[in-house]
Amino acid sequence: MSNAHHHSTGEHNPHLAHHFDTMGQQAGAAKLGMWLFLATEILMFSGLFLAYFITRMFYPDMVLGAHEHLSKVAGGINTCVLLVSSFTMAMAVRAAQVGKPGDPKTGAEIKKYLIFTLLCAATFMVVKYFEYSAKFEHGMLPGKFYTAHLHGYEIDGLPHIFFGVYFLMTGLHGVHVLVGMFIMIWIYLRASRGDFSSQNYAAVENTGLYWHLVDLVWIFLFPLLYLVR
Amino acid sequence: MSKVYLNGKPVDPHSVHEVHHHVSPVSLYIVILGALLVLTGLTFAVSYADLGAASLPVAMLVAFVKASLVVGYFMHLKYDDRYHLFCFLGTIIFVGIFFGFTIFDLNSRDALNDEQRTFVRVEELVNGGNLPKVGISNDPTRLAEYEAKHGGEHGGGHGEAKGDGHGEAKGEAPKAEGHGGGH
């Protein structure tokens with residue numbers, strides 16, 4: 001099949017795997033696979049969101065009291081940073097979509113936007129580091145590690161449960177940000193090799209989809225954990 | 001030559017050299033980013049206004065609008081193959097089932113436990129009554145109401161534990177040793 005394709009079209013895209021007939025088919029398969037992966041991601045996070053809602057349902061006053069100790073400003077900054085990074089990521093994908101094959105400018109454009117995205121991701125992690133440090137310092141930790149009462153913070157109810165939910169949700173999300181950064185570095189290196197253009201950009205696009213999902217999770221995390229009364 | 005299929009449709013292999021794609025204009029991305037930032041500011045501002053019970057639905061509504069913008073434009077679902085939208089919405093439906101059934105169970109379980117005397121958590125045995133009370137329990141007030149309505153033959157015991165423990169639970173919660181081997 002691929003031989004037939006080979007001979008009949010004359011030109012052969014070096015990024016076309018032998019088990020696909022066309023680049024369009026290959027990109028479609030990659031994208032469908034990505035969406036199915038995103039589905040499993042959404043389901044994984046939904047378990048933690050449900051844990052949050054149950055905690056909230058059982059202990060509304062405790063959640064209210066404990067969430068006052070999270071920094072709204074830090075969370076807000078991180079929200080804006082992630083939204084901007086989603087924009088730059090979309091621009092990186094666009095740069096690949098409109099890039100001419102073999103044109104070094106294409107790779108340069110993709111790399112420029114990837115650098116912006118990586119900077120945003122790094123900013124997010126730095127803010128997260130300061131937030132976590134403050135929580136560690138104040139003993140606001142999950143389960144048996146909770147010692148905030150020894151640091152002069154009296155939170156009524158069972159705040160160690162809230163901080164368990166908080167650390168699991170933001171922690172899993174933070175791990176996703178870190179993984180996203182590594183994937184972006186990989187895409188950066190491939191862009192340097194001139195792999196991407198309008199003829200081959202599925203990898204950039206799927207990285208974008210993943211990154212937007214990370215943003216999506218945070219869009220719900222931020223108001224629930226930091227803002228809602 | 002064998003047939004080539006693209007998105008479920010047979011296509012002429014000679015005509016599909018290019019990847020089909022939709023390129024959004026930069027201005028659209030900038031507008032979407034602006035809208036997302038404005039909505040973030042809105043949620044932030046609303047969190048300072050005391051909306052009471054409406055605060056959760058309002059925050060979720062804004063988050064839902066923001067999520068739709070990200071999914072529709074940044075993730076291209078508005079222009080993409082419909083099958084990807086189907087995958088995404090299918091997932092959301094399953095999340096809805098997951099949330100709906102769990103919350104429904106937790107909300108209705110107390111009444112069923114009262115009615116059928118199937119109280120499952122024997123807190124006293126597990127932790128000598130030292131554990132801060134967790135989650136579901138036969139609330140003594142509610143149980144008394146049930147007994148009054150239906151004529152009580154319940155020996156009691158579990159119901160009491162919850163009532164006694166609740167006041168202390170608040171004070172004990174921060175202590176790390178308070179809930180060692182419980183759950």
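Reader: How many helices and strands does chain B have?
Author: Keep in mind that this is a predicted model. Going along chain B from the N terminus, the elements run β-β-α-α-α-α-α-α. Counted up, that comes to 6 helices and 2 strands.

Reader: And what share of chain B's residues count as buried?
Author: Take contacts in chain B between residues at least 6 apart in sequence: 57% of them join residues at least 24 apart. As for burial, chain B has 183 residues, and the buried share is 19%.

Reader: Are helices H1(B) and H2(B) roughly parallel or antiparallel?
Author: H1 of chain B covers residues 26-46, and its axis comes within 10 Å of the axis of H2(B). The two axes cross at roughly 165°. Angles over 145 degrees count as roughly antiparallel, so H1(B) and H2(B) are roughly antiparallel.

Reader: How many residues in the contact of H1(B) with H2(B) are nonpolar, polar and charged?
Author: The crossing of these two helices is left-handed. On the H1(B) side the residues include B:Leu28, B:Ile32 and B:Thr43, while H2(B) brings, among others, B:Val58, B:Lys66 and B:Phe74. Sorted by type, the residues of this contact divide into 14 nonpolar, 1 polar and 1 charged.

Reader: Where does B:His76 lie, and is it buried or exposed?
Author: B:His76 has a positive phi of about 65°, although it isn't a glycine. You'll find B:His76 in the loop between helix H2 (55-74) and helix H3 (82-116) of chain B. It takes 20 or more other C-beta atoms within 10 Å to count as buried. B:His76 has 23 of them, so it is buried.

Reader: Over to chain A: which residues does A:Phe220 contact, leaving aside its neighbours within four places in sequence?
Author: A:Phe220 lies in helix H7 of chain A and counts as buried because it has 20 C-beta neighbours inside 10 Å. The C-alpha atoms of A:Phe220 and A:Phe49 are separated by 8.9 Å, though the two are 171 residues apart along the chain. With those sequence neighbours set aside, the contacts of A:Phe220 are A:Phe49 and B:Ala63.

Reader: Why do the buried residues of H3(A) line one face of the helix?
Author: H3 of chain A spans residues 60-67, and its buried residues are A:Met62, A:Val63, A:Ala66 and A:His67. Looking down the axis of H3(A), you'd see them line one face because they all fall within an arc of 120°.

Reader: Which exposed residues sit on the face of H3(A) turned away from its buried side?
Author: On the buried side, the cover includes helix H2 (23-58), helix H6 (159-192) and helix H7 (202-227) of chain A. The face turned away from that side carries the exposed residues A:Pro60 and A:Asp61.

Reader: Is the crossing of H5(A) past H6(A) left-handed or right-handed?
Author: H5 of chain A covers residues 104-137, and its axis comes within 10 Å of the H6(A) axis, crossing at roughly 160°. That angle is over 145 degrees, so H5(A) and H6(A) are roughly antiparallel to each other. As H5(A) passes H6(A), the crossing is left-handed.

Note on methods: Residues are numbered from 1 along each chain as its sequence is written. Chains are lettered from A and ligands numbered from 1 in the order in which they are written. This is a predicted model: local features need pLDDT of at least 70, side-chain atom pairs count only at pLDDT 80 or more; totals for chains, interfaces and linings use all residues. A residue is buried if 20 or more other C-beta atoms lie within 10 Å of its own, exposed if 12 or fewer, and partly exposed in between; C-beta atoms are placed from the backbone. Helices (H or I, at least four residues) and strands (E, at least two) are DSSP runs, numbered from the N terminus. The arc is that of the directions from the helix axis to the C-beta atoms. Two residues are in contact if their C-beta atoms, placed from the backbone, lie within 7 Å. Axes are lines fitted to C-alpha atoms, for helices over the stretch in contact, and angles run from 0 to 180 degrees between N-to-C directions. Angles under 35 degrees count as roughly parallel, over 145 as roughly antiparallel, 65 to 115 as roughly perpendicular and the rest as oblique. A crossing is left-handed if the near helix is turned anticlockwise from the far one by less than a right angle, and right-handed if clockwise. Ala, Val, Leu, Ile, Met, Phe, Trp, Tyr, Cys and Pro count as nonpolar, Asp, Glu, Lys and Arg as charged, and the others, Gly among them, as polar.
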